[in-house]
Amino acid sequence: MPPKSDSVEGIVLGFVNEQNRPLNSQNVADALQKYNLKKTAVQKALDTLADNGQISYKEYGKQKIYLARQDHFKIPNNQELDQMKKDNSKLQDELGAQKKTISEVEAEIRVLHSNLTLEEIRDKEAKLIGEVEEMEEKLSTLRSGVVLVKAEDKKVIEETYAEKINQWRKRKRIFKELWDAITENSPKDLKEFKEELGLEYDEDVGVSLQSCSELINPGKRRKTAR
C-alpha cells in the first residue's frame with residue numbers, strides 16, 4: 001500500500017519518482033528542505049520505501065543510491081505517444097502565442113513609461129514659456145538700438161583678433177617652409193610621416209585660416225563678392 005502523500009514517506013516517494021534518476025540521501029534531503037525534513041527522517045523514509053519495494057537501491061561501498069521503480073511507471077503505447085506529441089505541439093503553439101502577447105504588452109508599457117505625465121508636460125510648458133519670454137526680451141533690447149558693445153571695446157577686440165590671425169598666418173608659413181625643407185628628399189610617405197610625428201593640419205581639427213580671416217572685414221568681403 002503506498003504511503004499517504006503528505007507523510008514523510010509519501011513526500012520522499014513522490015520526489016524520487018518525479019526525478020526518476022539516481023539519488024543519494026543527501027540529494028533528497030537538500031531538495032526537500034522546504035518541507036522542514038531532517039536528513040535522518042529522509043534516510044529512514046528511503047530505507048523504508050526500499051524495504052517495501054516501492055523504490056530500488058544499489059550500494060556502492062557505504063553509500064546507497066536510490067532509484068525509482070521503472071515497473072511502477074505506466075509506459076504509453078504508440079497511440080498515446082502520438083497523442084502526447086500532438087498535445088505538446090499544441091501547447092508549444094499556445095506558449096508561443098502567449099509569449100508574443102506578453103512582448104506586445106511589455107512594448108506598450110515601455111511606450112507608456114516613455115511618455116510624459118500631465119504634470120511633466122505642464123512643467124516643460126512653463127519652462128519653454130519662460131525661455132521664450134527671456135529671448136523675446138533680449139530681442140526687444142536689440143531692436144531698440146541699445147549698444148551692447150562700446151565702440152572702443154569693439155575696436156580693441158577687432159585689433160586683437162587681427163593680430164592673432166596675422167600670427168597664425170605667419171606661423172603657418174614658417175611651418176610650411178620648414179616642412180618642405182625636411183621632406184624634400186625624404187623617402188617616407190608624407191601622410192604616414194605626419195601621423196608618426198603627431199602633426200595636425202588646420203583641416204584635421206576643422207578650422208580654416210581663410211574663413212577666420214574673412215571675419216575681420218565682413219562688409220568688405222560682401223562688397224567684393226558683388
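This is a predicted model: local features need pLDDT of at least 70, side-chain atom pairs count only at pLDDT 80 or more; totals for chains, interfaces and linings use all residues.
The domain assignment of the protein gives two ranges, domain 1 (8-68) and domain 2 (151-220). Taken over C-alpha atoms, the centres of domain 1 and domain 2 are separated by 86 Å.

I65 is part of strand β2, which covers residues 63-68. The relative accessibility of I65 is 16%, so the residue counts as buried. Between the C-alpha atoms of I65 and R21 the distance is 9.7 Å, and 44 residues set the two apart along the chain.

## Salt bridges

The structure holds 7 salt bridges. Side chains of opposite charge can pair when their charged atoms come close. K138 and E134 both belong to helix α5 (residues 118-143), where they lie 4 residues apart, about one turn of the helix. K138 counts as exposed, at 52% relative accessibility, whereas E134 is partly exposed, with a relative accessible area of 46%.

E196 and K188 form another salt bridge through their side chains, at 3.4 Å from N to O. E196 has a relative accessible area of 58% and is therefore exposed. K188, with a relative accessible area of 41%, is partly exposed.

A further salt bridge joins the side chains of K194 and D204, with an N to O distance of 3.0 Å. This pair links distant parts of the chain, with K194 in helix α7 (residues 190-197) and D204 in the loop between α7 and α8 (209-213), 10 residues apart. K194 is buried, with a relative accessible area of 12%, whereas D204 counts as partly exposed at 42% relative accessibility.

## Charged surface patch

Which residues form the positive surface patch? The patch is made up of K164, R169, K170, R171 and R173. One of its members, K164, is found in helix α6 (residues 151-183). Is K164 buried or exposed? At 56% relative accessibility, K164 counts as exposed, because the limit for that class is over 50%.

## Nonpolar surface patch

A nonpolar patch on the surface is formed by L139, L142, V146, L148, V149 and I157. Together these residues have about 560 Å² of accessible area. One member, L148, is situated in the loop between α5 and α6. L148 has a relative accessible area of 59% and is therefore exposed.

## Summary by element

- The loop between α5 and α6 holds L148, a member of the nonpolar patch.
- Helix α6 (residues 151-183) holds K164, a member of the positive patch.
- Helix α7 (residues 190-197) holds K194, and the loop between α7 and α8 (209-213) holds D204.
- Strand β2 (residues 63-68) holds I65, which counts as buried.

Conventions. Residues are numbered from 1 along each chain as its sequence is written. Side-chain values use heavy atoms; hydrogens and water are left out. A salt bridge is a side-chain nitrogen of Lys or Arg within 4 Å of a carboxyl oxygen of Asp or Glu. Helices (H or I, at least four residues) and strands (E, at least two) are DSSP runs, numbered from the N terminus. Buried means under 20% relative accessible area, exposed over 50%, partly exposed in between (1.4 Å probe, protein chains only). Patches are made of residues with over 30% relative accessible area and no salt bridge: like charges are joined within 9 Å, nonpolar side chains (Val, Leu, Ile, Met, Phe, Trp, Tyr) within 5 Å. Accessible areas come from the Shrake-Rupley method with a 1.4 Å probe; for residues, only the protein chains shown count as cover. Lys and Arg count as positive and Asp and Glu as negative; His and the chain ends are not counted. The place of a charge is taken as NZ of Lys, CZ of Arg, CG of Asp or CD of Glu. Domain bounds come from an automatic or database domain assignment.
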